[in-house]
Amino acid sequence: MRNISRSRKVMLATISMAAIGWVSAAAAQTAPPSTDVPAASDDMSNDIVVTAQKRAERVRDIPLSITAVSGADLALRGLSDAQSLSFNVPGLSVFNQGGGQLDISIRGVQSYRGKSSLTGVYVDDAPLSGLQSGFIAGYVDFAAVDLQRVEVLKGPQGTLFGEGAVGGVLRYITNDPALDKVSGSITLSGYTTQGGDPSGEATGVINLPLTDKLGVRVTGLYKTLGGWIENVGTGVSNYNDEQVGDVRVKALWQPTARLTIKALANVHRDRGDGNNIVNYPLLTTFRNYEGTSFLQAFDPKFPTNYRNDFELYNLSASYDLGFATLLSSTSRLNTNSSGQYTQLYGGTPPAGNPYPLFEQVQLGFGNRLRMTTEELRLTSASTTPFKWVLGASYKDQSLDAIPGSRYARLTYGARVQQGINAGVVNNTLSKSWAVYGDLSYKIASMLEVGGGLRYFDDKRHDSDNVAGHPSFSGSFGKLTYRAFARLKVNDNINIYGNIGSGFRSGGFNAANKVAMGAPAHIGNETSIAYEVGTKTSFLDGAVAFDFAAFETRYRDQQQDVTLINSSGVLVQYTTNAGNANIRGLEWLLSLRPVRSFKLNFSGDVFDSKYTKVSPVAAVYVGDPMSFVPNFDLQVSANYQFHWASDLPGFIDIDLTHRGKQYSIWRGLTLGSQYDVSHPLTFLQASVGISYQGFQFTVFGKNLLNERHPLVPNPTGVYAQGRPRQIGVTIGKSF
């Protein structure tokens, strides 16, 4: 695959250069001059219209903390995936585990384990998150291109978005087809990575109005990403290259003024030769490693390749009844992933010996999810003081966790963790339904109060393919709620307070783990959050300031633990570990002294600690929660200007500084039991110019060449961000 990947890079570079030349020649002959440049959104963040409460509202009018990023800002700042977005949104934490699998958390609600999502992820009204493997949980990496906006809803969203939104919700809102004209764009990018192979990306969008009532929009993406990590065992440099293809088709039909029907299909393919993880030299230290090497010491010839695919289909229909709008949204999500899983641990060496390694390798570990959902929703018209939403949903899911071959090397008394065996396919079935209602009432011109309830019921069944193994069934239900009040001092100043709850279903440990001493049942996990905040705007939008203070009480966290049974076997399983409190402050200051210049200062501070733990938990009372940075700071600036009278341009700069994080897993009995990350600083900048309808951009990402681990890991395997990149983008819209 290594040679194939290099051939693809050469081919893509050749095709890209030819395409640039062809598009340039064609445009010089046919395209009229244009002054279009990628521009920052004219809206402040709190002026963007969102649908976070299932109706169209300005962010500033919603009584909870939301960060909304417009599609224009996403394109301008090169935020094309969830990980890059997270370094620009306070409270959102994302890192790529490798293999196209993401770990996503909001405001510190994070456990890494469990049988379903903690953060709800949606594309329009279609869920992109659901059941997860308790061994390698992860979210698919959605391509954030050709979007109207992204919404990040912070705090539990159990009432409006249901189970699996304990920390919050991440929503990608795609562009609808336009019915008035043919339009589109093509964008080609190429860039270098310090110490690695070159990369190239191509994105195309075509909007086709077929009639004045029917239109189609097609978005395509292909990128080949050069690796930068050396595989020490095989001697292959830059082995972690990746190829991604993504096609999204969206159709819009408006047969009458009252009826709107939308259909969406998104097909995503991701292939790679190796994950973006580093771990060598572990013989010197586990912490703050910033090298670019990977060592699979057990057998260097073991494969490292992976794949991660998904298909998402959605059909929605809305009808305006006058007093309310009725929506039906039907979705189907298929995911398939497989890859190699490596863990390194330290044993207990004799005095004077170097720090030894214990390695565990799982080859071909895979997940296969099939999820069908249906939601019916009735939303009142927004012209009266009394507003309401009533809804019902049904979800049918099946998840297969498919372990591959497993190998381990033991040194100095280290023990391999049991319970994950090749050929033992664990299947989880979930059939759930929910009903919910949410309402608000404007008591006076200044005061609005409201709240909501949702009842959820989830019937789950776990089994495997081993004859004689028991299966487990059970029902997990919960009533979640929210209540809020908003004081509208004037059209530009809002003060609010809210309380809301979130919920994640429990489940069951695998039968072979139960046979070795693990408990069968995993209990529900819940959160309750309290928040007060303000959203303000002054001087005709020249100054905007959002501020929120919050506390989240996280209960019965699902966490992996280990035990040594009576036969001396080390078993890893999932259980409810205990409770934690998370407190924090969050802010966003936007300044626009003149229309052409925009400056944002945002950030957050967190304090988290466990307040109660079970006897077998991998943490102690007083420990901080894993993967929760103690602060985030972001600064961004955008300036629009003209290089000459007919040459508009822009400069954009983004700086992110993230504080230290902990990863704690006590009771491993193997080496280090916690790890602390180094603070991270990322700087990116871009400069652009528009000429005769073309946009030319020179950009740099990770200009400070930050190579410290994105998150800590006591097992010694670190996810690393891509080193410094310098590149150019050429785009043409029509």
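1. How many bridges join strand 31 to strand 32, and in which sense do the two strands run? In this predicted model, strand 31 (residues 525-538) and strand 32 (residues 543-564) are joined by 13 bridges and run antiparallel. Within this pairing, Thr534 stands opposite Phe547 of strand 32. The two strands form a hairpin with four residues between them, and Leu539 in the turn has a positive phi of about 55°.

2. Strand 32 also pairs with strand 33 (residues 570-594), in the antiparallel sense and over 20 bridges. The bridge partner of Glu551 in strand 33 is Arg583. This pair likewise makes a hairpin, here with five residues between the strands, and Gly568 takes a positive phi near 80°.

3. Phe597 has Tyr639 of strand 35 as its bridge partner. Strand 35 is in turn joined by 12 bridges to strand 36 (residues 647-658), again antiparallel. Strand 35 and strand 36 form a hairpin with two residues between them, and Ala644 has Leu647 of strand 36 as its bridge partner.

4. A separate point concerns an open sheet of five strands, in the order 3-9-10-6-7, with mixed pairing. Strand 3 (66-70) and strand 7 (126-127) stand at the edges; each has a single partner strand, so one side of each is left without a neighbour in the sheet. Strand 7 is joined to strand 6 (residues 119-123) by two bridges, the two strands running antiparallel. In that pairing, Tyr122 stands opposite Pro127 of strand 7.

5. The second largest pocket holds about 890 Å³ of space. Its lining comprises 36 residues, of which Thr51, Asp125, Lys262, Ser318 and Arg377 lie nearest the centre. By class, the lining divides into 11 nonpolar, 13 polar and 12 charged residues.

6. Which strand gives the most to the lining of the second largest pocket? Strand 19 does, with six residues. Strands that each supply at least two lining residues include strand 1 (49-50), strand 16 (259-272), strand 19 (306-320), strand 20 (324-345) and strand 21 (358-380). Strand 9 (147-154) and strand 10 (168-174) are also among them, and both belong to the open sheet of point 5.

7. The surface carries a nonpolar patch of about 750 Å², made by Phe386, Leu439, Tyr441, Ile443, Met446, Leu447, Leu487, Val489 and Ile495. Strand 25 (426-442) and strand 27 (472-490) are the elements that give two or more residues to this patch. Val489, one of the patch residues, is found in strand 27.

Definitions and conventions
Residues are numbered from 1 along each chain as its sequence is written. This is a predicted model: local features need pLDDT of at least 70, side-chain atom pairs count only at pLDDT 80 or more; totals for chains, interfaces and linings use all residues. Side-chain values use heavy atoms; hydrogens and water are left out. Two strands pair if DSSP finds at least two bridges between them. On a 1 Å grid over the protein atoms alone, a cavity is a set of points where a 1.4 Å probe fits but cannot get out, and a pocket is an open set with protein on both sides within 12 Å along at least five of seven lines; lining residues have an atom within 4 Å of a point. Grid points are joined across faces, edges and corners, and a volume is the space filled by probe spheres set on the points. Ala, Val, Leu, Ile, Met, Phe, Trp, Tyr, Cys and Pro count as nonpolar, Asp, Glu, Lys and Arg as charged, and the others, Gly among them, as polar. Patches are made of residues with over 30% relative accessible area and no salt bridge: like charges are joined within 9 Å, nonpolar side chains (Val, Leu, Ile, Met, Phe, Trp, Tyr) within 5 Å. Accessible areas come from the Shrake-Rupley method with a 1.4 Å probe; for residues, only the protein chains shown count as cover. A salt bridge is a side-chain nitrogen of Lys or Arg within 4 Å of a carboxyl oxygen of Asp or Glu.
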